[in-house]
Structures are given as C-alpha cells and as structure tokens.
Protein chains: 2
Amino acid sequence: MASDQTRTAILAAAERLYADRGFGDVTLRDIVAEANVNLAAVNYHFGSKDELIAELFVTRSIQLNRERLRLLQAAEEAGDGRASIDAILRALVGPTLRGCLGPENQRSTAARFMIRVSIESVPPIRRIRNREIDHLRKFITAMRRSLPGHSDVELYWGLHFALAMAQQTVRDSERLTKLSEGKCDVDDVEGIIERVVSVAAMALTTGDAASKTPARMLARDAR
Amino acid sequence: MASDQTRTAILAAAERLYADRGFGDVTLRDIVAEANVNLAAVNYHFGSKDELIAELFVTRSIQLNRERLRLLQAAEEAGDGRASIDAILRALVGPTLRGCLGPENQRSTAARFMIRVSIESVPPIRRIRNREIDHLRKFITAMRRSLPGHSDVELYWGLHFALAMAQQTVRDSERLTKLSEGKCDVDDVEGIIERVVSVAAMALTTGDAASKTPARMLARDAR
DNA sequence: TTGCATTTCAAACATTTGTATGAAACTATC
DNA sequence: GATAGTTTCATACAAATGTTTGAAATGCAA
C-alpha cells in the first residue's frame, strides 16, 4: 500500500553507490541525495543504516542461492538424481562468476554490489554470511551422490577450494590482469568457470581420497 | 635515538587490537589506552592513523615476502637453479598458511593481524597491496624455469589459484570448520599446505597448456 | 469534507572521530 | 647548570555521521 517509491529509490541508490564507492565511503546523506529523498527516510523505512545494507545483501544472496539451486536441480534431474561433479561445481561457482565478472561496462549494479561485498565485508553483512552454511550443505549432499566413494572430508575441501578460486577471481581480478599484463582474460567468464570447475573436479577425482594427502606429504622433500 | 618506547608500544597495542577486533572497531583512543600513552602520541610519531596502519602492514608484508623468497631461493638452489613446481608453490603459500593458521591459542599477534587484513581490507592497506605484483613476478619467473613447456597464461592462473586457495582458507577457516562439523582440521597447517600445493600443481601439470580449457568447454554439456 | 493514518521534511541532537595546539616535562649537549 | 631539541600531556577543535523529533503534507476511507 501507499508508495513504495521512496523505499525502492533508496535501495537502488544505495546499491549503486555502494557498488561504485564501497561501504566505507558512502554515508546516509550520500544515499538520500542520490535517491532524492529526505534524510530521515532511511530510518523511517529501514530502521537503520545497517538494516538497509542487510536488506540489500539478503536480497542479492537469495537471488544467487536460488540460481545456484536451480542449476543444481537441473543437473540432478538431467542425471537421473545423480549429477556429474562438473555440473555440480558449475552450479556452485557459475552464478557467482557470471554475476560478478565479464566486461566491466556490462556488469549490472547488483553484480558490482556483490563484488564490493566480497572485497570489503562489513558487520551487518558478516552476520548474515553465517547462514550460508545450510545452503552449501545441499551441494555437499549432491556431491556425495555424485562421488559415492569419496570421504566427506575430501568433498568439503573440494567445495571449499572451488569457492575459493571463484571468490578470489572475483575479488582480485584486477591484480590478475595486472600481473599477467592482460594475458589472463577476466572477461571470458565461461572460460573462467570451466577453469575453476576443471581444477576443483580434478582435485576431487584424482587419486583416492584417503591416501592422497599423506602420500604426498611423505614423498616430497620438505623444501 | 631517544626512546622508541612509545612508538613500539603503540605499534604493539595497535596490532593486538586490530587483530582482536578488526579495523572498523578500533579507534585511536582505544590504541593509546592499550599502549598507555597520550592520545597525541600517534600523530606525533606516525603522522596519522592511516600511516600507523600502513606501517604495521608494510612491516608484516616485508617479513612475509622475505620468508617466501628465502624458501624460493633455497628450492632453486637445491634444484640447481630449477626448482620443482611443488617447491615453488610451497614457498608461495607456505608462509601465509603457517603464519595464519594453526591452533588458535598459538597464533602470534602478527598472524592474527594478517588474518584481519585478509578479511577486512581498509584503504591504506589496499593502496599498498598493489605493490605486491613485482614480488609475485619472481615466482612466475621461477615457475617458467620449472615448467618450460607451459604458456605464461597457465602459469598466471596456477599461481592465482594457489594464492586463492591459501587466502580463502585463512579467511574462511571458520566457515569450513562449521560446514564440515570439524572434520576438516584447519589446525593441521602442513597438511593444508600440501593440499593446496597438490591441487595447484595438478592444475598446472595436467594436460598440456594450450588444449586443456577449450577441450573441456566443448566436451561438457552446458548443464 | 472530515478524520485518521501514513509519509515526508527541515532541523536539531548527540556522539564519535581524527587531528591540532601550546604549554610542560624531559633529555642531552656544551 | 643553562640551553636547545625532543617528547609528552591535557585539552580543544572541527567535521562527519547516524539517529530522533515534531510539525507539515499527503493519501485514503467514511
């Protein structure tokens, strides 16, 4: 009822500003100026600045998780209840990478906002992050079905590393570009997804789960 | 000359507080209280709060880089100028992981500070981070010698992924522990190092550099 | 229209924060 | 032991920030 206009204007302005300038640099006054609303409107509609940030993040997280689960479900259905490990990992890291990488001028505000989130975490967001675990467990379950012989520990590490590579690529794409002098094309999103999936899947499927790590630890010279 | 006492007391107190409570929550007044010095001492000795943070980070970064290069050099000497890829990667990620993981009560303040840095990056630190690239290039050079047949692009990605896995493990060790209900032992530092090195080395050495990615991209079904 | 609830607005509030100041205390040199 | 340079200290400053307030405006139902 009434006009959500102000509410949505604030949300849009805040996301835009946070995406562009980071959390540390954006004040309520910046936001209300961008949204053309009164300063008190934020507190009236959201209660506090932190709750505004939290709502932004929750909205985008839900979208991300929904997309991940959609891909996961599709992969499991395509494989009669047992998806390939590649497909599972692709469902896990694909949405993040697709959302946050690609040609800069084509990135949505939402994507740029999520990049910010991954770079400079801020208290209200950190609090919410912890709820992510239940979501990840669904992927562990699928992985268990996909790789029945593997120990859970290996699955956890595999998922962790897959997310690590995806996250860090989003977070530090600039450094990678500089380091490689542009030779690593961070705009080739699908290529990056395949790269991450490939490495993570290799980590999960090479060698058998129990013997891999100890064997290496004994075999290699300490330095 | 004169007493560096105040200076060092401030540095120590600041590092301790930042390590424990993060950058966002620690004010100059907290620091000077912890250090038992006057409020004005920080500006007198360091110029500004940002310069204090920068000095802390630079000091620890130099230590980290020195340690990395020491290990790299030792590995290259041991291999007559050509270190194994494992040894190179171990020199790259070992110091970070050794410094930042392990039983919590045994972690040094320096280590806990560096964990903070990796979690909540703050402007003065971000500015310095960009100088890290020259340091990483030394590892690329060593990798080039170690894996002569590989394209530079593959080396960059391998290094990037190795750092990604190490960094994210430091940053999100808590989540991994929760997700795995303790089954992934994040206190087993040497085991983690071998795990990261193993996966990164595998990514670098499996398949030949040029054909790997395209082959996968064509072979796999989109979902 | 009248009356009631919702929403907007300008202004003020209350803190918190990093930084600056100028005098006092201290140190070392001659 | 006087003097010059360094360091410490209490205090003040100035600016920024999230939040609150109470009145005005607006929307809506009877």
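Biologist: How much area do chain A and chain B bury between them?
Modeller: Buried area is the accessible area (1.4 Å probe) that two parts lose on being put together, summed over both. Here 64% of it is on carbon and sulfur atoms, and the total for chain A and chain B is about 5,600 Å².

Biologist: Which three residues supply 14% of the area that chain A buries against chain B?
Modeller: First, some ground rules: this is a predicted model, where local features need pLDDT of at least 70, side-chain atom pairs count only at pLDDT 80 or more, and totals for chains, interfaces and linings use all residues. Residues are numbered from 1 along each chain as its sequence is written, chains are lettered from A and ligands numbered from 1 in the order in which they are written, and side-chain values use heavy atoms, leaving out hydrogens and water. The trio that supplies more than any other three residues is A:Trp157, A:Leu179 and A:Arg195.

Biologist: Which residue does A:Glu154 meet in a salt bridge?
Modeller: A salt bridge is a side-chain nitrogen of Lys or Arg within 4 Å of a carboxyl oxygen of Asp or Glu. The rule finds 4 of them across the interface of chain A and chain B. For A:Glu154, the N to O distance is 3.3 Å, and the partner is B:Arg195.

Biologist: How far is a phosphate oxygen of DNA strand C from an N or O atom in the side chain of B:Lys49?
Modeller: B:Lys49 is among the closest of the 15 residues that surround DNA strand C, counting residues with a heavy atom within 4 Å of it. The distance to the phosphate oxygen is 2.5 Å.

How values were computed
A polar contact is a pair of N or O atoms within 3.5 Å; within protein, one must be able to donate a hydrogen and the other to accept it, and residues adjacent in sequence count only if both atoms are side-chain atoms.
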